[in-house]
Structures are given as structure tokens and as C-alpha cells.
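Biologist: I'd like a close look at a single part of this one, please. Pick a spot, walk me through it, and then show me how the rest of the chain is put together.

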Amino acid sequence: MIFRRFVSRRGRCSTIFCDNNTNFVGVVNLLHGLDWNKIIRHGAVEAIDWKFNPPTAAWWGGWWERLIRILKDLLKRILGQAQLLYEEMLTILCDCETLMNSRPLTFVSESDQLVPISPSSFLQDIKEWSTPDIDAIDHKSLNRRIKYRQNLRTNLRNRYRNEYLGLLVQRTKCTDVRKLAVGDIVLVSADNCKRSNWPLGRVTDIISEKDAIVRLVKIQTSHSKLLRPFQRVCIL
């Protein structure tokens, strides 16, 4: 049923990466027992290529397990001892899903309008996912439960953005981290705005001292050119 819901929402994919859960392995064994030549001959459905992590090697899926861990930790801190109905929890998790899929991955082009690519860029043709009109109606409603859920969702969004972007900040010495290169896409730290509003830019020049340690970088954003110290930029 989980797989059916996933296909109904995201479409049928050609490859699935997952761990060695016995439920997944059992499903694949059942699917392999079908006559796929007959299915392909009479329909447009192609067989899905399932790629499993090696047994006892849980760290192979570390990059997606880490995202799950981040979301679970945030839910524990935000919800606390809150008690939600099934439909309420399902709605909150759908909002969390959209929030995770809107995180920036890279940039679209080197033009003046630097728009970062996010997972939702590949999952959705319609890029707008927020519902400010519904939020406004819910906020004015006398239903205290709706306001309570709305506050949970708002707190989760804010905390995820702050903590996710906080992970991008280099905490070690500049000699210990990957050296910047011209063309790297970075977030420019700013004290006068929230981390979610930090400008995105491209490194155009690197200024180093005689000891070959990078201390200043020149950055081109969508609106201006900036000169910043190395510690004030976050490499994406």
C-alpha cells in the first residue's frame, strides 16, 4: 500500500534505491515472478529496477537516512508531548515532505537570475507549493485546533531552515576545509537578515595571501558584486 501511494503521488519511476528491508525484498521477489514480456507486450508498464543496499551495511543509504534523522529530530522538538489526530499528523507530514523537497541543491544557470535547483524541480511541474490564502483563512478561524496545527507547521519550517542552513556554515579553520574555486556557488552570510534569506552567489575571484591561504573572495549575486571574508561564505 505504501508503494501504491508513492506511485500515485509521484508517478512510476524506473529505478528505486532502498535498504534491505524484508518487506521490500519480498515485494521484488513477487514482481520477478511475473511474466514481464507479456506485460510489456500488452501494456506500457516497464519493470522497475530495484537497487538494494548490501546486507548489514546500513551506512550505504546514509545520505537519505540523514534527511530522515533531521526531520525526526525536528518533529520531536516541535511536537513535544502534543497529541495529534491521524489526519492532523498526516497533514503535518505532507507539509514536512514539501519542505524537505524545497531545499536548495545547486543553481540553474550562470545568468543574473540565480535560482537554486531543489528536489521539487524534478518532482513537480508547478513550482508553487505554499498555501498563504488557506493559511490566512485558517488563522482567522475560531477553530483553535487549526491554529494549533498552523503554529506547529510554522515552527517546523522556521527551525528546519535555520538548522539546515546552519549545517552549511564552516565551523573549522579555513586551512582544514575544501578550498574555494572560481565558479563555486555559495551562500553569503549576512547579519541583517535570516539565514533563509541569505543571498546566493557565484565566486568570481579568490584573493589569497603569501601563505596561499584564502581569506577574501569576490562574489557575484543577482543584484551586486560583493567582497567577503572566507568565513562569511557557505559552500553549497
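Modeller: Let's start with Leu200. Its relative accessibility is 14%, under the 20% cut-off, so Leu200 counts as buried. Keep in mind that this is a predicted model.

Where does Leu200 sit? It is found in strand S6, which covers residues 200-208. Leaving out residues up to four places away in sequence, Leu200 touches Leu114, Pro116, Ile185, Val186, Leu187, Thr221, Ser222 and Leu236. Take Val186 from that list: Leu200 and Val186 are 14 residues apart along the chain, and their C-alpha atoms are separated by 6.0 Å.

Now for the chain as a whole. The secondary structure comes to 8 helices and 9 strands. Of the 236 residues, 28% count as buried. If you take the contacts with a separation of 6 or more, 54% of them are between residues 24 or more positions apart.

Next, the helices. Two packed helices are described by the angle between their axes and the distance between the axes. For helix H4 (residues 62-79) and helix H5 (residues 86-101), the angle is about 135° and the axes are 12 Å apart. H4 and H5 are therefore oblique to each other, and H4 passes H5 in a right-handed crossing. On the H4 side, the contact is made by Leu67, Leu71, Leu75 and Leu79, while H5 brings Met89, Ile92, Leu93, Cys96 and Met100. Sorted by class, that contact has 9 nonpolar residues, with no polar and no charged ones.

Two of those names come back in the largest nonpolar core. Of its 15 residues, Leu75, Cys96, Leu156 and Tyr160 touch the most other members. H4, H5 and helix H8 (144-168) each supply at least two residues of this core, and the largest share, 7 residues, comes from H4.

One last stop is the loop between H4 and H5, which is the place of Ala82. Is Ala82 buried, exposed or partly exposed? Its relative accessibility is 26%, so Ala82 counts as partly exposed. Along the sequence, Ala82 and Leu152 are 70 residues apart, yet in space they are 9.7 Å apart, C-alpha to C-alpha.

So, for your notes on this part: Leu200 is buried, in strand S6, and its contacts include Leu114, Ile185 and Leu236.

Conventions:
Residues are numbered from 1 along each chain as its sequence is written. This is a predicted model: local features need pLDDT of at least 70, side-chain atom pairs count only at pLDDT 80 or more; totals for chains, interfaces and linings use all residues. Side-chain values use heavy atoms; hydrogens and water are left out. Axes are lines fitted to C-alpha atoms, for helices over the stretch in contact, and angles run from 0 to 180 degrees between N-to-C directions. Helices (H or I, at least four residues) and strands (E, at least two) are DSSP runs, numbered from the N terminus. Angles under 35 degrees count as roughly parallel, over 145 as roughly antiparallel, 65 to 115 as roughly perpendicular and the rest as oblique. A crossing is left-handed if the near helix is turned anticlockwise from the far one by less than a right angle, and right-handed if clockwise. Contact means heavy atoms within 4.5 Å. Ala, Val, Leu, Ile, Met, Phe, Trp, Tyr, Cys and Pro count as nonpolar, Asp, Glu, Lys and Arg as charged, and the others, Gly among them, as polar. A nonpolar core is a set of buried Ala, Val, Leu, Ile, Met, Phe, Trp, Tyr and Cys residues joined through side-chain atoms within 4.5 Å. Buried means under 20% relative accessible area, exposed over 50%, partly exposed in between (1.4 Å probe, protein chains only).
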